[in-house]
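This briefing is meant for a reader who is meeting the structure for the first time. Please keep the sequence and the model in view while reading.

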Amino acid sequence: AYDIIAASILTKVGSVNDPEGLEGLTTLTQRNLLSGTTSRTAQDIVAELEALGVQMQTTATYDYSGIIMQATPNTFEESLSIVLDMIENSTFPEAELERERSLSLALLQSLYDDPTNALVLTYLDVFYGNHPYKYSPYGSGEGLSAIQRDDLVNWNQYLYQPEQVVVSVVGSFDTA
C-alpha cells in the first residue's frame with residue numbers, strides 16, 4: 001500500500017465572477033498556470049511533477065477554481081513548492097496563452113456540437129438571462145477572444161488572495 005497526500009488549493013472565485021466581456025477568464029487563467037514561471041518552463045513543470053510521481057490538475061467551475069494535487073509523503077513538500085511557484089510566479093507566455101485560447105474555443109464549440117449539451121446551454125442562456133450562470137465555465141467565444149495576457153496576470157493575483165483561498169490537505173504528513 002502507498003501513502004498518498006491529497007491537497008487542494010481552492011479559491012472562491014469561479015467563472016461566474018469573470019468580468020463582463022471576458023467570459024472564460026477564470027478557466028483560461030487556470031489552464032495557463034502550467035505554462036511556466038519565472039524559474040520554470042512549462043516543460044520543466046511537467047518533467048518535475050512527473051519525476052516526483054505527482055498527479056496535478058487545475059480546475060475552474062462556476063463557483064470555484066483551484067489546483068488539486070496528489071503526492072507521496074516523501075515528494076509532497078517539493079511538489080507543493082512547485083504549485084506555490086505556479087501560483088506566485090506564473091509568467092503566462094503569449095504563445096501558451098494563444099494555444100490554450102485555441103483549445104478553449106474548440107472545447108466551447110464542441111459543447112455546442114453535442115445536441116444535448118447545446119440544448120442545456122441554450123436553456124441556461126434563456127433561464128439566466130444576463131446572469132453569468134448563462135455561460136459554461138469555458139466562457140463565451142467573444143470573451144475568450146478578448147482576453148489579453150495582462151488579464152491573466154491580474155486575474156491570477158485576484159484569484160489567489162488569501163481571504164479567498166481554502167487549502168485542504170488529507171493524508172499521512174507531519175502538520176508542523
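Predicted model: local features only at pLDDT ≥ 70, side-chain atom pairs only at ≥ 80, totals over all residues.

Which residues does Ser-168 touch, not counting residues up to four places away in sequence? Ser-168 touches Ala-6, Ala-7 and Ser-8 under that condition, and its own place is in strand β4.

**Overall architecture**

- The secondary structure of the protein comes to seven helices and four strands, and, when read along the sequence, these elements follow the pattern β-α-α-β-β-α-α-α-α-α-β.
- The protein has a radius of gyration of 17 Å, which is close to the 16 Å given by the globule rule for 176 residues, and it is therefore as compact as a globular protein of that length.
- Along the principal axes of the protein, the C-alpha trace spans about 50 × 30 × 30 Å.
- Of the 176 residues, 41% count as buried, while the protein exposes about 9500 Å², with carbon and sulfur atoms supplying 54% of that area.

**Helices α1 and α7**

- Two packed helices are described by the angle between their axes and the distance between the axes.
- For helix α1 (residues 25-32) and helix α7 (residues 149-159), the axes come within 9 Å and cross at roughly 90 degrees, which makes α1 roughly perpendicular to α7.
- On the α1 side the contact is made by Leu-25, Thr-26, Leu-28, Thr-29, Gln-30 and Asn-32, and on the α7 side by Asp-151, Leu-152, Trp-155, Asn-156 and Leu-159.

**Helices α4 and α5**

- The axes of helix α4 (residues 94-113) and α5 come within 5 Å and cross at roughly 100 degrees, and the two helices are therefore roughly perpendicular to each other.
- The contact is made by Leu-111, Tyr-112 and Asp-113 of α4, together with Pro-115, Asn-117, Ala-118 and Leu-121 of α5.
- The residues of the contact of α4 with α5 divide into five nonpolar, one polar and one charged.

**Asn-32 and Phe-92**

- Asn-32 lies in helix α1 and counts as buried, because its relative accessibility is 0% and buried means under 20%.
- Leaving out residues up to four places away in sequence, Asn-32 touches Phe-92, Glu-96, Leu-97, Glu-100 and Leu-152.
- Asn-32 and Arg-99 are 67 residues apart in sequence, yet they are 9.5 Å apart in space, C-alpha to C-alpha.
- Phe-92, one of the residues that Asn-32 touches, lies in the loop between α3 (76-89) and α4 and is buried, with a relative accessible area of 1%.
- Most residues other than glycine have a negative phi.
- Phe-92 has a positive phi of about 50 degrees although it is not a glycine.

- Ser-140 has its place in the loop between α5 (115-128) and α6 (141-146), and Ser-140 is buried, with a relative accessible area of 6%.
- Apart from its neighbours within four places in sequence, Ser-140 is in contact with Glu-23, Leu-108 and Tyr-135.
- Ser-168 is partly exposed, with a relative accessible area of 33%.
- The C-alpha atoms of Ser-168 and Leu-144 are separated by 31 Å, and these two residues are 24 residues apart along the chain.

- Glu-78 has its place in helix α3 and counts as partly exposed at 45% relative accessibility.
- Glu-78 and Tyr-160 are 82 residues apart in sequence and, from C-alpha to C-alpha, 20 Å apart in space.
- Asp-174 lies in the segment after β4 (165-170) and counts as exposed, because its relative accessibility is 63% and exposed means over 50%.
- Between Asp-174 and Pro-73, which are 101 residues apart in sequence, the distance in space is 9.2 Å, C-alpha to C-alpha.

Methods. Residues numbered from 1 in each chain as written. Heavy atoms only, no water. Axes fitted to C-alpha atoms, helices over the stretch in contact; angles between N-to-C directions. Parallel < 35°, antiparallel > 145°, perpendicular 65-115°, else oblique. Contact = heavy atoms within 4.5 Å. Rg over C-alpha atoms; globule rule 2.2 N^0.38 Å. Buried < 20%, exposed > 50% of the residue type's maximum accessible area, 1.4 Å probe, protein only. Areas by Shrake-Rupley, 256 points an atom, 1.4 Å probe, with all protein chains shown as cover. Nonpolar A, V, L, I, M, F, W, Y, C, P; charged D, E, K, R; others polar.
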